[in-house]
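Here are my notes from a pass through the model. Have it open while you read, and start with the aromatic rings.

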Amino acid sequence: MRKDSKFETKVIHSGYSSDQHHGALAPPIFPTSTFVFPNAETGEQRFAGEQEGYIYSRLGNPTVKMLEERIAVLEGGEKGLAFGSGMAAVSAVLMGLTKSDDHILCSQGVYGCTFGLLQMLKEKYNVEHNLIAMSDPDVIKAHIQPNTKIIFLETPINPTMALVDLEMVGKIAAKYNIKVVVDNTFCTPYLQRPLELGSHIVIHSATKYIGGHGDVVAGLVVGDRETVDLIAATTQKDIGGIMSPFDAWLLLRGLKTLPVRMDRHCDNAMYIAEKLKEHPAVESVYFPGDPEFIDYPIAQRQMDRSGGLISFKIKGNRKDAQNFINSMKLLKIAVSLGDAETLIQHPATMTHAVVPHEARERMGITDNLIRLSVGLEAKEDIWEDLEQALQSHIRKSETV
Ligand code: PLP
């Protein structure tokens, strides 16, 4: 593969060469815990970092390394690291790059367990944080403290779909020598590459679009070699939330079809968002591809397409939202996203239930907000199911 090959070629060929593996087209899985040294001196040299080679699978494994190399190429970073879950990746990065009394500046909305982790870091290790809307550069600058080590953000933010201007944040961070860490789960490198826009570390819940088939829980990190090596040698090695070789293999396979799947997710979501917007039972729709969406101009600048996730509010309260979800026939009531199946969930009582009610409201996660991960089914079938549930919601409100 040439270095300047297109993304669609890189997802298939980067990180693996069949020449080195008996011509095997599919990469081999190395399900081994440890690696045999030819002699004691080799073991000593590998532990001392003086000789390349594997030692023990928590410190590195050939199948996992293929995936780490592939994701690094796709994100345009120097080095990748694989973890046993997205949260293992988030915690390894946040704990690896901070110490007691440091400060993290965080986007107003984040995934519920990331919010929980920030609370835990504060309570246990006095790592402080502020959650702020990152739309105004002056507000960001006003919240930077001498001990701020990380600006952590999601864009689009889960589940409100609000966007953060990565280039703007990158410029501010460079001035203050702070690392920008971006959770790129919603976009994948096919739609957005934060490292090209001045961010330093990208994180993925690879459980989602990268795996793409709802059969693996995994996390990935990409960044510059020095920072990633630091995380590998500390919070990955010693806390140990590593990925299994079999999961790495599933993700290598999933990545091959990422562009094809993402295009279909994007096409379907665009169709569904337009339909939802027109429906009388829907109060509002939050979708980066909607020209009326407040952050549409940011989406146009930094995302190649608008993604497969839509959030929307139905008219009514929490019970109405739950009843609406319960009327689905084809769509699956499930958290997670990025799978072939269209998934529908209620953030206030599911993914973001750990966030206290007041903080949730501030983030825009109201009780009537619903998140949809638009799948790969025929778009007409997805809409038919949503429409019958919306009609049933209207009928129920009329009889009350
Ligand atoms: N980041 C985002 C944006 C997520 O949506 C999730 C899970 O839903 C995570 C991180 C955590 O990933 P995992 O469930 O793989 O630990």
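1. Aromatic pairs. How many aromatic pairs does the structure hold? There are 4, where rings of Phe, Tyr and Trp (its six-membered ring) pair if their centres lie within 6.5 Å, with planes under 30 degrees apart called stacked, over 60 edge-to-face and the rest tilted. Take F7 and Y190: the ring centres are 5.5 Å apart and the planes sit at 45°, so this pair is tilted. It ties together distant parts of the chain, with F7 in helix α1 and Y190 in helix α8, 183 residues apart. Helices (H or I, at least four residues) and strands (E, at least two) are DSSP runs, numbered from the N terminus.

2. What sort of model this is. It is a predicted one: local features need pLDDT of at least 70, side-chain atom pairs count only at pLDDT 80 or more, and totals for chains, interfaces and linings use all residues. Residues are numbered from 1 along each chain as its sequence is written, and side-chain values use heavy atoms, with hydrogens and water left out.

3. The cut-offs: buried is under 20% relative accessible area, exposed over 50%, partly exposed in between (1.4 Å probe, protein chains only).

4. A stacked pair. The F246 and W249 rings have centres 6.0 Å apart and planes at 15°, so they are stacked. Both residues lie in helix α10, 3 residues apart, about one turn of the helix. F246 is partly exposed, at 43% relative accessibility.

5. A charge over a ring. K379 puts its charged end over the ring of Y271, 5.3 Å from the centre. The test here is NZ of Lys or CZ of Arg within 6 Å of the ring centre and within 35 degrees of the ring normal.

6. The largest core. The largest nonpolar core has 40 residues, and L67, I210, L220, M243, L251 and L258 are those with the most contacts inside it. A nonpolar core is a set of buried Ala, Val, Leu, Ile, Met, Phe, Trp, Tyr and Cys residues joined through side-chain atoms within 4.5 Å. Elements giving two or more residues include α1 (7-13), α8 (188-191) and α11 (258-278), while α3 gives the most, with 6.

7. L258 up close. Not counting residues up to four places away in sequence, L258 touches F7, T188, Y190, Y209 and I210. Contact means heavy atoms within 4.5 Å. Apart from this core lies another, of 32 residues, among them A88, V110, V127 and I201.

8. Helix α15. This helix (residues 379-399) has 21 residues and reaches 31 Å from first C-alpha to last, close to the expected 30 Å, which is 1.5 Å times one less than its number of residues. I382, W383 and L386 are among its buried residues. The buried side packs against α11, β8 (282-286), β9 (309-314), α13 (318-326), β11 (343-345) and β12 (369-373).

9. Backbone checks. Cis peptide bonds join T155 to P156, with omega about -5°, and N158 to P159, with omega about 0°. H22 has phi near 60°, a positive value in a residue other than glycine, and is exposed, with a relative accessible area of 85%.
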